[in-house]
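Welcome, and please open the model in your viewer. We will go from stop to stop, with something to select at each one.

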Amino acid sequence: MQLFYAPRSPFSRKILATIVELDLATRVSLVRIDPWTDETLRRHNPASKVPTLLLDDGSALFDSPVIARYLDTLSGHMLIPPVPRTWDALRREALGDGLAEAVIRRFVDRLGPHDDRLDRVVTRQEAAITAILDRLETAPDWMQAPTDLGHLAIACALDYLDGRSPELNWKTRSPLLAAWFHDFRARPSMKIAADPIIGTFRSINIPHPPAEV
Ligand SMILES: N[C@@H](CCC(=O)N[C@@H](CS)C(=O)NCC(=O)O)C(=O)O
């Protein structure tokens with residue numbers, strides 16, 4: 001299988017972390033691509049977005065929730081637990097993905113010329129960001145649950161929030177979440193997914209992955 005990914009993309013990182021958690025690294029080679037400037041990807045995914053997973057039969061899977069479900073099925077459902085816990089894990093994944101989406105939209109919209117319409121879009125994204133952070137902070141039982149796809153999605157979104165929008169100071173607003181994130185990001189899967197220079201998962205199979213990147 002080939003994974004088209006971009007190093008800064010939080011959705012790509014969720015899938016990179018999923019692959020490592022599921023011990024599938026030897027079965028996936030990585031193709032780094034800039035979906036904004038490189039049209040190669042559109043042949044496989046008409047929306048030309050990362051992540052896109054090219055299967056061995058030539059068909060492609062997208063977007064990240066679909067890819068994650070496929071990989072989880074391949075490896076015996078280790079990241080999406082059985083019913084009734086399924087829905088908690090998938091809700092967490094949706095919260096993480098929703099947070100990442102709002103951070104991306106806020107960032108892109110703020111690049112444009114300043115006008116009222118854009119202000120409204122940015123304000124709406126900020127409302128989503130704070131509401132998702134508050135939901136995760138005020139009902140923290142999920143932090144103790146066994147690691148699932150939802151935890152990976154949330155951690156990748158928080159890492160993206162850190163890098164893209166440091167001015168939002170989310171850790172001050174969400175101290176419990178910040179403490180959880182601090183511990184969770186030490187997982188090998190998170191460190192590896194944060195490495196923007198990996199071009200192949202072969203580097204992942206070394207016993208001691210590179211320290212902080
Ligand atoms: N819902 C999609 C979102 C994917 C997405 O938005 N990817 C961004 C990078 S983070 C992208 O490829 N953007 C290129 C574009 O919008 O043209 C998923 O979960 O995979």
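Which residues surround the ligand? Select Ser9, Pro10, Phe11, Pro35, Trp36, Lys49, Val50, Pro51, Asp63, Ser64, Pro65 and Ile104, and you have them on screen; a residue is listed if one of its heavy atoms lies within 4 Å of the ligand.

Before going further, a word on what you are looking at. This is a predicted model, in which local features need pLDDT of at least 70 and side-chain atom pairs count only at pLDDT 80 or more, while totals for chains, interfaces and linings use all residues. Residues are numbered from 1 along each chain as its sequence is written, and side-chain values use heavy atoms, with hydrogens and water left out.

**Stop 1**

Show Val50 first: one of its polar backbone atoms is 2.9 Å from a ligand nitrogen. Next comes Asp63, where a side-chain N or O atom is 2.9 Å from a nitrogen of the ligand. At Ser64, a side-chain N or O atom lies 2.6 Å from a ligand oxygen. The protein covers 81% of the 510 Å² of accessible area that the ligand has on its own, as computed by the Shrake-Rupley method with a 1.4 Å probe.

**Stop 2: the whole chain**

Now zoom out and switch to a cartoon view. Starting at the N terminus, the order is β-α-β-β-β-α-α-α-α-α-α-α. The radius of gyration is 17 Å, close to the 17 Å that the globule rule gives for 213 residues, so the chain is as compact as a globular protein of that length. That radius is taken over C-alpha atoms, and the rule is 2.2 Å times the number of residues to the power 0.38.

**Stop 3: Thr18**

Select Thr18 in helix H1 (residues 10–21). Is Thr18 buried or exposed? Thr18 is buried, at a relative accessible area of 1%. Here buried means under 20% relative accessible area, exposed over 50% and partly exposed in between, using a 1.4 Å probe and protein chains only. Leaving aside residues up to four places away in sequence, Thr18 touches Leu71, Leu79, Leu149 and Leu152, with contact meaning heavy atoms within 4.5 Å.

**Stop 4: salt bridges**

The model has 14 salt bridges, each with a side-chain nitrogen of Lys or Arg within 4 Å of a carboxyl oxygen of Asp or Glu. Start with Asp148 and Arg92, which meet at 2.7 Å, N to O. Asp148 sits in the loop between helix H4 (116–138) and helix H5 (149–164) and Arg92 in helix H3 (residues 85–111), so the pair ties together parts 56 residues apart in sequence. Both residues are buried.

Move on to Glu167 and Arg106, whose closest N and O atoms are 2.8 Å apart. Arg106 is in helix H3 and Glu167 in the loop between H5 and helix H6 (170–173), so this pair joins parts 61 residues apart in sequence. Arg106 is buried at 2% relative accessibility, whereas Glu167 is partly exposed at 39%.

Finally, select Lys14, Arg69, Glu93 and Asp97, which salt bridges with shared partners join into one network.

Notes
Helix = DSSP H or I, 4+ residues; strand = E, 2+ residues; numbered from the N terminus. Polar contact = N/O pair within 3.5 Å; in protein donor to acceptor, adjacent residues only side chain to side chain.
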